[in-house]
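Here are some notes for a colleague who is new to this structure.

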Amino acid sequence: MYCILVSGMPASGKSTVAGKISAGLNLPMLSKDSIKEILFDDLGFSSREEKVRLGVAAMHMMYYAAEQLMRAGKPFLLENNFEDASVAGISALLERYRYVGVTLRLTGDPEAVYRRFAARDLSGDRHRGHIVNDRYPELEGAPRENPTRKTCEQFLSDIENRGYARFCANGPLIEVDATDLQRVDCEMLVRRLREVISGIEP
């Protein structure tokens, strides 16, 4: 059996592409950020440390749900900022349940992706729990200020040090240039994934 892992650097378009792939292949999709947003809304946080713990909990919940699907022998899609620290956890699951992980890795010009990353928090569309670090939900009447974000140099350093651009599971790798998200052909990706999957399924 197989699963598809949509990976890549922050703001590379993973959620957008994963959602279209999930719909095109009719696969259930598990997203760490979507789980985090539920935890942010239901539990909130009052410090950076609490926010980080909710992020860790979201990862554990995503892997728990993935394991249940694996036990049932179902294909599915995971979307996350997979990094070097993610390799051991996902590799153990794939090996335990004899799954092939097809990696769809979004790449692109890192500086162009950084500009998208920097603009995202200012757009008003990003969940506030991702943006603020000290408290969420924010106190009523408090000014809705965005904290200072990472510089381009910090962003590029994270990509290298955390391994966002080199993650690959145990199966085929498909790389997609997502410098310009408008030019990513998701219908073509669905067709390509169908071809890859046909070589995995018995």
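1. For the helix pairs below, each axis is a line fitted to C-alpha atoms over the stretch in contact, and the angle between N-to-C directions runs from 0 to 180 degrees. The model is a predicted one.

2. Helix H1, residues 14–25, packs against helix H8, residues 186–198, at an angle of about 60 degrees. Their axes are 10 Å apart. Angles of 65 to 115 degrees count as roughly perpendicular and those under 35 as roughly parallel; H1 and H8 are therefore oblique to each other. Their crossing is right-handed.

3. Which residues make the contact between H1 and H8? On the H1 side they are Val 17, Lys 20, Ile 21, Gly 24 and Leu 25. H8 contributes Cys 186, Leu 189, Val 190, Leu 193, Arg 194 and Ile 197. By class, the residues of this contact are eight nonpolar, one polar and two charged.

4. The pair H3 and H4 packs at an angle of about 10 degrees, with axes 10 Å apart. That angle makes H3 roughly parallel to H4. The crossing of H3 and H4 is right-handed.

5. In the contact of H3 with H4, Tyr 63, Glu 67 and Met 70 of H3 meet Gly 89, Ile 90, Leu 93, Leu 94 and Arg 96 of H4. Five of the residues in this contact are nonpolar, one is polar and two are charged.

6. The largest nonpolar core has 25 residues, and Met 62 and Leu 78 have the most contacts inside it. At least two residues of this core come from each of strand S1 (2–8), helix H2 (32–43), helix H3 (48–71) and helix H4 (87–96). H3 gives the most, with seven residues.

7. What does Met 62 touch, leaving aside residues up to four places away in sequence? The list is Leu 30, Ser 31, Lys 32, Ile 35, Leu 78, Glu 79, Asn 80 and Phe 82. There is also a second, separate core of 21 residues, which includes Tyr 2, Ile 4, Ala 178 and Val 190. Val 190 is also one of the H8 residues in the contact with H1.

8. Glu 140 lies in the loop between helix H6 (128–131) and helix H7 (152–162). Is Glu 140 buried or exposed? Its relative accessible area is 84%, and exposed means over 50%, so Glu 140 is exposed. The C-alpha atoms of Glu 140 and Ser 15 are separated by 30 Å, and the two residues are 125 residues apart along the chain.

Methods. Residues numbered from 1 in each chain as written. Predicted model: local features only at pLDDT ≥ 70, side-chain atom pairs only at ≥ 80, totals over all residues. Heavy atoms only, no water. Helix = DSSP H or I, 4+ residues; strand = E, 2+ residues; numbered from the N terminus. Parallel < 35°, antiparallel > 145°, perpendicular 65-115°, else oblique. Left-handed = near helix turned anticlockwise from the far one by under 90°. Contact = heavy atoms within 4.5 Å. Nonpolar A, V, L, I, M, F, W, Y, C, P; charged D, E, K, R; others polar. Core = buried A, V, L, I, M, F, W, Y, C linked by side-chain atoms within 4.5 Å. Buried < 20%, exposed > 50% of the residue type's maximum accessible area, 1.4 Å probe, protein only.
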